[in-house]
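Trainee: I'm new to this one. Can you walk me through it?

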Amino acid sequence: MAGLKKGLKKRNSTLIENDSGQMIIILAVIISVLLASLSLLYAQNILAGNESAYTQLTFPKHEIQNLRSLVIDELRYQAINNPNSFTDHVTDLDEQIEALYASHGSYASVDVYNVTWSASDTITSFNVKIVFSNPVVDYESNERILI
Amino acid sequence: MQNSLLRCGKGQAFTLEGIVAAVMMLMVTYFLFHSTIIISPLTGESSDAQLKQLGLDVLTLLDNPDSESNDTLQNALASLNETTYPYGLINTLNDALPDNIDYNLNVIYYNVSEDEMYTYHVTNKAYTQDTVSASRYIVVRNSAFVHDSPFLFNESGGLESSIDSEFPVVLEVKLILWRV
């Protein structure tokens, strides 16, 4: 009789008084937290992908490498083979580079100074200043080139 | 109170299910953490970045002033005129790029005396909306060009003998790529 009363009491208990199924509730909470963490990670993953792609598209690493190798190789050639026209050709090179890079919204320039000559009228060394600038990067290098 | 939380032996399958789910979640977390350095293939920008990198790689490959091959940028553009098409360069580009990618090759140069920018269209195909461009700058001296080259710089505008043969002409080789 007492057992029957207890059973009836449990069946009639309200949602708040019912204390069964607590493990399920705890696990549900844990899984909810994990799902929220995963959502955050997923969002970060997409963000990192977007940022990487954007950086790769806009960062002018190749332009700077290309500019530097092009200028140094050409100036070295001109210094060895055309020392008398060296300054004129540096100016011509600079004008073309400035115009071509400006058409892409960048600034690039080449300047040569401290040109040293040997007794036989050949160039022995010079300094070259290469400047590259765009809204993302400012680059400047000064190098001493020995012939 | 006999069925307290600690003494209760019911619902063991739920407990196991919870543990399995937790382990699976941890494995997925581990995978995601290690995949963040990869450019997400979910966006159009990442696809463009890959295409641009491909274009830059191909142009770098073809920029070889020391080679005597007719498919380098320097040699192909030096021998270019109205009648000579750079078949060697175009064939190499076709081989180097995947079949699902089409391209246009333009050469942009600046005439110092005229203060004017010119574009020479080596190929002129119809574009799609989503294109990516990759540029490479090269220097070719006047002496390397054929006499009727569009890139030859004749400052005086006079006879061929008066042309400065060592004048450095800077050319921007622009590869415009798109997926087909």
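Predicted model: local features only at pLDDT ≥ 70, side-chain atom pairs only at ≥ 80, totals over all residues.

Trainee: Ok, what area is buried between chain A and chain B?

Mentor: About 4000 Å², with carbon and sulfur atoms giving 67% of that. Buried area here is the accessible area (1.4 Å probe) that two parts lose on being put together, summed over both. In chain A, the residues that lose the most area to chain B are A:Leu57, A:Gln96 and A:Leu100, together 16% of what that side buries.

Trainee: And how many salt bridges are there between chain A and chain B?

Mentor: The count is 1, a salt bridge being a side-chain nitrogen of Lys or Arg within 4 Å of a carboxyl oxygen of Asp or Glu. B:Arg141 pairs with A:Glu74 in a salt bridge, and their closest N and O atoms are 2.9 Å apart.

Trainee: What about A:His89, buried or exposed?

Mentor: A:His89 counts as buried because its relative accessibility is 2%; buried means under 20% relative accessible area, exposed over 50%, and partly exposed in between (1.4 Å probe, protein chains only). Leaving aside neighbours within four places in sequence, A:His89 is in contact with A:Gln78, A:Asn82, B:Asp164, B:Glu166, B:Phe167 and B:Pro168.

Trainee: Which helix is A:His89 in?

Mentor: Helix α4 of chain A, residues 86–102. Helices (H or I, at least four residues) and strands (E, at least two) are DSSP runs, numbered from the N terminus.

Trainee: Switching to strands, what does β2(A) pair with?

Mentor: Strand β3 of chain A (residues 138–146), antiparallel, over 9 bridges; two strands pair if DSSP finds at least two bridges between them. One bridge partner there is A:Glu140, which sits across from A:Val131. β2(A) is also joined to strand β1 of chain A (residues 107–117) by 9 bridges, again antiparallel.

Trainee: How many β2(A) residues are buried?

Mentor: 8 of its 11 residues, so the strand (residues 123–133) is mostly covered.

Key: Residues numbered from 1 in each chain as written. Chains lettered and ligands numbered in written order. Heavy atoms only, no water. Contact = heavy atoms within 4.5 Å.
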